[in-house]
Amino acid sequence: MSLVDEAKTSTLPKLLQRNAEQYPHGAGIREKTRGVWQTYDWTAYRDNVRDFALGLAALGFTRGDKLSVVGDNRPQLYFAQLAAQALGGVSVPVYQDSIAAELVYVLNHAETSIIVAEDQEQVDKALSLKAELPELRWIIFDDPRGLAFYDDPLLRSFESVLEEGRAFAKAHPGFFEAELEKGAPDDIAMFAYTSGTTGNPKGAMISHRNMIEASEAFIEVNEIKPGDNWLSYLPMAWLGDAAFTIGMALVARLTANCPESPETVQRDLRELGPDAMLAPPRIWENMLTQMQIKAADASPMKRRVYEHFRALAERCELQQGDGKPLSFGDRLGLALGEILVYGPVRDQLGLRKARWCYTGGAPLGPDTYRFFRSFGVNLKQVYGATEASALISCQPDAEANPNTVGRPIPRIEVTIDDRGEVLLRGPNVFLGYFKQDEVTRETITPDGWLKTGDAGFFDKQGHLVIIDRAKDVGKLSDGSAFAPQFIENKLKFSPYIREAVAFGDQQPFVVAMIAIDLQTVGTWAEKHGLAYTSYMDLSRKPEVAALVGSEIAKANATLPDVQQVKRYLLLNKELEADDAEMTRTRKVRRRFVAQKYASVIDAFYSGQSSVDVTMEITFEDGRKSTLGSTIAIHGDAAAEPARRAA
């Protein structure tokens, strides 16, 4: 049975109305401004959405129109999305760090008529593009700082729209309620643009039913309590944020909390101490790196204590994962470690109160996963896709496993086709891609099965195991399986490696391009008296190449010989979304990277000791430049004979 009354809560704005009527003084959403947490209860939350919706109506926004929000996580940007949906419109969140060309594509493709921008930076970006956005009618800004002397006729302040809404309410009593009532569960709530790993982003049409059913199903198998605190810090354009900050929060009455700024997220996380948390692998990897750096910087005594209890925790975690009981000595050691190490570390991370945490969006390396589990963080894997309203499967508390993504959530069917691709069917499957019917037909079968594009299988426990993206899974020239993400996750366990891209399909051995972590490698260089001037300069140091080589050797020790990285090079720049090498959710665009670095791949397998690389760099304002250098190739001298023999 549905967790909510279908008649009164069939859309997201109707759920908000229910919460305001039944729980008027409960905390709905908070934001931290100037060091203080400001709370909107459910009544204030609803009132802001209602007044802004009526203000939009006064500006001519009607059913079917599209409203985009751009900026960091702010209550006003969530108000704006729900206001548009209350009028039968569609919200279109976009990435705040998108360069101009990306924004123009999405805003034009979505037919956006109103942009709600967080601040002056986003307003300037929108104004610079207005000549290329024929559908754009209004730009509404939240933070007025720096905008006092702007006089563009498209500009309106958020507060002025609220005031117009209140005036509109007096002239049109009952208008909001009537529009709210018209909303139906299969109306489009939002366009969630995919990350575009294989080309331009596609606008996935997500309905109210999709969001609500997925939220209800997730709640059925997870411990979620009304009033639980949730930190809303993930990009608003990523559907994972909307699934929790809007969908889950409205269905289960979670309290969403917006940090003061992206720079203060870690501090605000520690201060808030959320009851649950979702983070992509990059966040968990960054947290691990911070812990490793702090341990390395500690006094010798503290470092020995940390390393002793870390090794104990990881050994016990592996034993428990294998179903083996712990000895009395181990249990006593863990209890002492909780006082001296594990509890303080969770405090530093802001996870002391968290009952569960999920990693999702991409695979997390098993070593990183076990590190957090062993330190008492109830970290589990969740698997989803934009086209599945962000949620497909998750792990029960008692069955956490770094090698699976858990069981399918209730209400959906998951199967594996004869090619090994994961398919699913259920109420969370999206309505299709906006203005791309042919691509929709390629993605959803005639009988309603969604093709995820992921290769996987079910293990003996009924847990789903994701191998890699189906198009990325290949074979070495000897027929051995090659799954690049598995190898890359092993490499990224090192605090010195920020990104890794592995190659090997139809080749005799595995190679990797490495992007170093500037902060951790820079700190290491300073400690060893190694001077450098830039990222490029640091990455070209032989000492750094040797450091990374030792880290690759550690990863290789945990891999079968055929999967081990034989040759590698250090890139002279980080992989960037602005340069189309990664998506905004930090996924490698493999096809593009393989084309861009084709000369590097050829050099790997032709036995060269260096390669000349010239690459194009894109700045935030869209300007482009080129960067050229000669990059050394390092690795196993035996790889070349192996290539010739093959």
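The side chain of Gln76 makes a polar contact with the side chain of Tyr40, at 3.1 Å. A polar contact is a pair of N or O atoms within 3.5 Å; within protein, one must be able to donate a hydrogen and the other to accept it, and residues adjacent in sequence count only if both atoms are side-chain atoms. This is a predicted model: local features need pLDDT of at least 70, side-chain atom pairs count only at pLDDT 80 or more, and totals for chains, interfaces and linings use all residues. Residues are numbered from 1 along each chain as its sequence is written, and side-chain values use heavy atoms, with hydrogens and water left out.

**Around Gln76**

- Gln76 is found in helix 3, residues 75-86. Helices (H or I, at least four residues) and strands (E, at least two) are DSSP runs, numbered from the N terminus.
- Gln76 is buried, at 10% relative accessible area. Buried means under 20%, exposed over 50%, and partly exposed in between (1.4 Å probe, protein chains only).
- Setting aside residues up to four places away in sequence, Gln76 touches Glu31, Tyr40, Asp142 and Phe158. Contact means heavy atoms within 4.5 Å.

**Nonpolar cores**

- The largest nonpolar core has 123 residues. Such a core is a set of buried Ala, Val, Leu, Ile, Met, Phe, Trp, Tyr and Cys residues joined through side-chain atoms within 4.5 Å.
- Phe52, Leu67, Val116 and Phe218 have the most contacts inside this largest core.
- Helix 9 (residues 239-252) gives the most to this core, with ten residues.
- Another core lies apart from it, with 53 residues, including Leu530 and Val565.
- Beyond its neighbours within four places in sequence, Val116 is in contact with several residues, among them Phe52, Leu67, Ile140 and Phe158.

**Salt bridges**

- Side chains of opposite charge can pair when their charged atoms come close.
- The count comes to 51 salt bridges. A salt bridge is a side-chain nitrogen of Lys or Arg within 4 Å of a carboxyl oxygen of Asp or Glu.
- Asp65 and Arg137 form one, at 3.4 Å from N to O. Asp65 lies in the loop between helix 2 (42-58) and strand 3 (66-70), and Arg137 in the loop between helix 5 (120-129) and strand 6 (138-141), so the pair ties together parts 72 residues apart in sequence.
- Asp65 is buried at 17% relative accessibility, whereas Arg137 is partly exposed at 33%.
- Asp143 forms a salt bridge with Arg145, with the closest N and O atoms 2.7 Å apart. Arg145 is exposed, at 57% relative accessibility.
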